[in-house]
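Q: I would like to go through this structure with you, one topic at a time. Could we begin as soon as it is displayed?

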Amino acid sequence: MSYIFLQRIDKLKTISSNYIRNWSPNATSIAVVTFNGTASVAAPLTPVTSDTDRQYLVTLVDNIIASGATSIGAGIQKAIEVRINLQTHQLTLGFKATFK
């Protein structure tokens, strides 16, 4: 992997962690999806209601290691699945999710 590629990954991790720590409003739900050749969910949609929640998500982001291919399409698809699964689960429980 090139040095420039690794710099980009580090910048993305810094920006993501900064958003989670400082910009995401309380009660925001954040998921962490990673991808290379395939995509996986590192954290399902997690309501951010405390510093502990924020630190948990930041730790996950900070520990992401770049490797292999970059299938952004797989990452986007997995993120959509996470959201659809939440909506389906909430509707089953009898209430509706609201997304802005």
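Q: Where is R54 placed?
A: R54 sits in helix α2; helices here are DSSP runs of H or I with at least four residues, strands are runs of E with at least two, and both are numbered from the N terminus. This is a predicted model, in which local features need pLDDT of at least 70 and side-chain atom pairs count only at pLDDT 80 or more, while totals for chains, interfaces and linings use all residues. Residues are numbered from 1 along each chain as its sequence is written, and side-chain values use heavy atoms, with hydrogens and water left out.

Q: Is R54 buried or exposed, and what is the nearest side chain of opposite charge?
A: R54 is buried and has no salt bridge; D51 is the nearest side chain of opposite charge, 4.3 Å away. Buried means under 20% relative accessible area, exposed over 50%, and partly exposed in between, with a 1.4 Å probe and protein chains only. A salt bridge requires a side-chain nitrogen of Lys or Arg within 4 Å of a carboxyl oxygen of Asp or Glu. For charge, Lys and Arg count as positive and Asp and Glu as negative, whereas His and the chain ends are not counted.

Q: Which side chain does R54 join in a polar contact?
A: That of N26, at 2.8 Å. A polar contact is a pair of N or O atoms within 3.5 Å; within protein, one must be able to donate a hydrogen and the other to accept it, and residues adjacent in sequence count only if both atoms are side-chain atoms.

Q: Which residues is R54 in contact with, leaving aside neighbours within four places in sequence?
A: I20, R21, S24, P25, N26 and V48, where contact means heavy atoms within 4.5 Å.

Q: How many salt bridges does the structure hold?
A: The structure holds 2. One joins the side chains of D62 and R21, at 4.0 Å from N to O. D62 belongs to helix α2 (residues 51-62) and R21 to helix α1 (residues 3-23), so this pair, 41 residues apart, links distant parts of the chain.

Q: How exposed is D62, and how exposed is R21?
A: D62 is partly exposed at 36% relative accessibility, and R21 is partly exposed at 42%.

Q: Which side chain meets K78 in a salt bridge?
A: The side chain of E81, at 3.4 Å from N to O. K78 and E81 are separated by about one helical turn because they are 3 residues apart in helix α3.

Q: New topic: which residues make the nonpolar surface patch?
A: F35, I72, I76, I80 and I84 make a patch of about 450 Å². Patches consist of residues with over 30% relative accessible area and no salt bridge; like charges are joined within 9 Å, and nonpolar side chains (Val, Leu, Ile, Met, Phe, Trp, Tyr) within 5 Å. Accessible areas come from the Shrake-Rupley method with a 1.4 Å probe, and for residues only the protein chains shown count as cover.

Q: Which helix gives the largest share of the patch, and where is F35?
A: Helix α3 (residues 72-93) gives the largest share, 4 residues. F35 lies in strand β1 (residues 28-35) and is partly exposed at 34% relative accessibility.

Q: What is the phi of A27?
A: A27 has a positive phi of about 75 degrees, although A27 is not a glycine. Most residues other than glycine have a negative phi. A27 lies in the loop between α1 and β1 and is exposed, at 57% relative accessibility.

Q: Finally, what pattern does the protein follow along the sequence?
A: The pattern is α-β-β-α-α, with 3 helices and 2 strands.
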